[in-house]
Amino acid sequence: MSMTTTAHGSPLRGSDSHGQTPDGQSQPPFQVNQTSSPDSSNENSPETPPEQGQGDAPKQNEDEEPAFPHIDLANLDYMINRSQWMVPVLPKGELEVLLEASIDLSKKGLDVKSEACQRFFRDGLTVSFTKILLDEGVNRWKFEIHRHVINNTHRLVELCVAKLSQDWFPLLELLAMALNPQCRFHIYNSTRPCELISSSIQLPEDELFACSPDPQSPKGWLVDLINRFGILNGFQIFHDRFINGSGLNIQIIAALIKPFGQCYEFLTQHTLKKYFIPVIEIVPQLLEKLSDEEFKKEAKNEAKNDALSEIITSLKNLASRISGREETKKTLEMFRLQMILRLLQISSFNGKMNALNEINKVISSISYTHQHGNCEEEEWLTAEQMTEWIQQKSILSIVLKDSLHQPQYVEKLEKILQFVIKEEALTLQDLDNIWAAQAGKHEAIVKNVHGLLAKLAWNFSPEQLDHLFDCFKASWTNANKTQREKLLELISRLAEDDKDGVMAHKVLNLLWNLARSDDVPVDIMDAALSAHTKILNCSCSQDQNTQKIQWIDHFVEELRSNDKWVIPALKQIREICSLFGEAPQNVSQIQRSPHIFYRHDLISQLQHNHVLVTLVAENLATYMDSMRSYVTDHKDYDPETLRLGSRFSHIQEVQERLNFLRFLLEDGQLWLRASQAKQIWKCLAENALYLSDREACFKWYFRIMGDEPDLDPDIIKDFFESNVLQLDPTLLTENGIKCFERFFKAVNCKEGKLVAKRRGYMMDDLELIGLDYLWRVVIQSNDDIACRAIDLLKEICTNLGPRLQSNQVIIHENFIQSCFDRLKASYNTLCVLDGDKDSNSCTRQETIHMVRVLTVLREYINECDSDYQKERMILPMSRAFRGKHLSFIVRFPNQRRHDLDIPSHTNDTVGSIRRCILNQIKANVARTKVELFVDGELLDSLDDRKLIGQLNLKDKSLITAKLTQINSNVSSRPDSPSAGPPRNHQNLYSDDPNPEVESCLPGVIMSLHSKYISFLWEVADLGSSLNMPSLRDAARVLMKLMPPGKEIIVHPFIALLQGNNADIYIMDKTGAFLKICFQIRYTL
């Protein structure tokens, strides 16, 4: 009966010894499979071919590949690599068979000829012992399994000894694993006694290779493994390998020494003295003999491990067990430093990284020694000795030469520098070297070094910090734009986490001084000031508000004493004030916390302490005076460009001051007083140097006169009358007329002359303040500004307030008469100038005046006509005749009605079509809504007063109609007390016209006075005679807005019937009017 025992892994975790079967049932951690065979009692002999691939193969020729149990190797690979791994460790199991075969081939020197054996060394052997020695489930295995594991480990040791002289790295790694006291297998079996010495072999004292140092935890099986290694002559081979020394390098030395550097506590004094003292002495000599090229190559190969550190550590461990060899420890440590220095001097990046790692390990060991008070360790290498070595060997200078573009390299360097700083050994020259390492270098190097300094600076002494800032200042002078931006980032980082305000205070002063450098561009200066503000906002100082206010006071002093830095100072004051929050609107003074300082509180305090509004207004006036002197000598100066000796253009100088003043008024809830308001208006509007000055002034006053004016309410009227109304109207611009309009409405509203409504204003007093000036703007300004003024005049004069509604006819008559008075004055002037060739400009000017007055009157009449919501019976002349005949086809889709043919003409209205449709279908006007569509687009009921001719409809056009029944209660008569403005066409046209109200329209009033018509004819004739089409056309357009009076209708017919040549001549001269008269006659 043969037995196969295997160690199981978990199907979920390869290291779990409790596996599960595929159906989810748990199974024992070590499964025993029993198989019966008639030959099971016979052992396989070397001469007999083993069954199922087990045992040794028959002897083969030297040129052939040696025999090897391939099937066992395949089985092993399968079992150890599946998710529920199993390692066969029982006798005659795959692992044992493969180990025996490998030992046999290795002793014969044939293993290298077997590819399967080599693969077993690399893969199966390593994986198997890693699992059985290091697996977490070791403590759940049965004792017999542990027994089989240690037996296989003895075979592993035998294999390692057989290959020891050949420097086979996988086997050396496995030997280190097998002899490691800290592996899980040895820790679990730590209480087991030695078996090799006590039972099978009795060795004399001087032949004992290992013994247990701790009776409580003897780790006897580990001792047996070490003794097995010695019995197999392993220590002698190890010793001879170093004495021979051929082909040894750092990697091989580390791999050979590592197993014994781990189990050094178990080695006997005899073993240490006989085999290891020579090794300890010869290894430094071997390493020193390496040439620079060999050393560089070794350093490159060492990139992914710490071979040098392992060598030194292992040698130190071994030396610590040899009595009387204490000095060797120090020698080894200094040798370690010597090797580190060599790595730094000759190696590439990988070698330098390893060197930095070694230095940091030394530093860590020193720090650990200090922390735990290990006096014995302290004797090897102290912190003072380490810092002395760093200084004497110029370690910092070496590591700063290159590789600084690598973040991981700089990270290692940081730890060294932190140690040097902690030991107070960082010199000012070291600081200079660190700063010089990034000067003018690649952006990556600059970023890494700056980040390094930002971390180190918090541990600098005051002297070191001052010196670092001196480095900043020196670099700032010659740095380009990009370098200055990077420097600002670094300086800002230094103050980000300041806890006590010391660093922040230094950085704030530095940033302000750097921003004031004469050669700094404006964008860099702004960046420095922005960083300044950010630091103030993020400062961890105990009293942030006090720090901010101190800086504001500093900037106010700059404003008083240094004209060159006014704009930066104003910007900073504003930015710092903006760091304070605004007070909630629903928080009263009583509810406020005394510890909260709001923005308007700060500005009020500044105004109280420094009279800031007055100070800035006076500074603006002083600046404008200085600019007048400058412009005198530099007449070609462009205000958009920088002037000599300044960082800002003239426009910026003015605008920044105005912006700051507006900020103080709005956020500080302050009033602009009379003296400052007049001072600003005078220097910018009245005495402007450039058009931009006046524009800036207009915009600024427009903004401060918003819904909540910042101008003192008590002085608005006086300021308007004394300053705004005194400005030459020809100087007004688009922003100027906006500014005037805002003042005009604000003043008259305050005086009760205008009444504000939802979307405009109503005039409630005819004596408006500024009305005469508005007429001057209409007449004297350029066309665009005059148009804006006409619109304002129309808006105000056509919207009458409650007190003036009853006198609207008189108001219309007075307005019309005032317009004709202005026209008459200009007409008389033109008549006087007629024929004078030297007065062409005056003639043109007077003509423009008349055209604008006619435009005012035209807009006035149009606005009043559009406000009249009923059907007109007294038609203007433009509609007093029947237009071109048209007929429309009205179709009712999906409503089962016949198409309608609706007659109309171009002077008819859209509303008349709706009314005609309702009449033809005999619908209830009050309860029927008619929607009309032309080409799919809805004709809105608000457009019912539009003429058919305005819609460009052609004869026989198709109009789609949709009838909708509505609730009769919804609509009400427009003239009822509760009715609002009419919304639907049926309300608009269902009522009878109101001739009484219509007769109050200004166009109708004008038609009742023949003097107006006669004068307008004279004006039109004058326009024709002066070849001024604009004047002629303006008069004719105005006449077309007026309904024809009775004498105008009757007199032409009498004249025509009587053959009055004079009258016919007059009408012939104006063909358009003659046409109107004839069409009226035919219509009547």
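Residues 24 or more positions apart account for 72% of the contacts in the protein with a separation of 6 or more, where a contact means heavy atoms within 4.5 Å. The model is predicted: local features need pLDDT of at least 70 and side-chain atom pairs count only at pLDDT 80 or more, whereas totals for chains, interfaces and linings use all residues. Residues are numbered from 1 along each chain as its sequence is written, and side-chain values use heavy atoms, with hydrogens and water left out.

The secondary structure of the protein comprises 47 helices and 10 strands. Helices (H or I, at least four residues) and strands (E, at least two) are DSSP runs, numbered from the N terminus. The protein has 1084 residues, and 49% of them count as buried; buried means under 20% relative accessible area, exposed over 50%, and partly exposed in between, with a 1.4 Å probe and protein chains only.

Two helix pairs illustrate how the helices pack. Helix α3 (residues 115-134) and α5 pack with their axes 10 Å apart, at an angle of about 10 degrees. Because of this angle, α3 is roughly parallel to α5. On the α3 side the contact is made by F121, L125, T126, F129, T130, L133 and L134, and on the α5 side by P170, L171, L174, M177 and A178. Axes are lines fitted to C-alpha atoms, for helices over the stretch in contact, and angles run from 0 to 180 degrees between N-to-C directions. Angles under 35 degrees count as roughly parallel, over 145 as roughly antiparallel, 65 to 115 as roughly perpendicular and the rest as oblique.

The second pair is formed by helix α25 (residues 522-538) and helix α26 (residues 544-561), whose axes are 9 Å apart and whose packing angle is about 150 degrees. The angle therefore makes α25 roughly antiparallel to α26. Helix α25 contributes H532, L536 and N537 to the contact, and α26 contributes Q544, Q547, K548, W551 and F555.

Individual residues within helices come next. F229 is placed in helix α8 (residues 220-231) and is buried, at 0% relative accessibility. Beyond its neighbours within four places in sequence, F229 is in contact with V157, V161, L164, L175, G234, F235 and F260. F229 and A210 lie 19 residues apart in sequence, and their C-alpha atoms are 9.9 Å apart in space.

T387 belongs to helix α17 (residues 383-392) and counts as buried at 9% relative accessibility. A polar atom of the T387 side chain lies 2.8 Å from the backbone oxygen of E384. Apart from residues up to four places away in sequence, T387 touches F419, E423 and A425.

K753 occupies the loop between α34 (734-750) and β4 (754-757), and is buried with a relative accessible area of 14%. The side chain of K753 makes a polar contact with the side chain of D765, at 3.3 Å. A polar contact is a pair of N or O atoms within 3.5 Å; within protein, one must be able to donate a hydrogen and the other to accept it, and residues adjacent in sequence count only if both atoms are side-chain atoms. Not counting residues up to four places away in sequence, K753 touches N748, M762, M763, D764, D765, E767, L768 and I769.

D167, in the loop between α4 (143-163) and α5 (169-178), has phi near 55 degrees, a positive value in a residue other than glycine. Q669, in the loop between α30 (650-667) and α31 (674-686), likewise has a positive phi near 55 degrees and is not glycine. D167 is buried, with a relative accessible area of 13%, whereas Q669 counts as exposed at 60% relative accessibility.

The cysteines complete the account. The structure holds zero disulfides, a disulfide being a pair of cysteine sulfur atoms within 2.5 Å. C683 is in no disulfide, and the nearest cysteine sulfur, that of C697, is 7.4 Å away. C683 is buried, with a relative accessible area of 7%, and C263 is buried with a relative accessible area of 0%.
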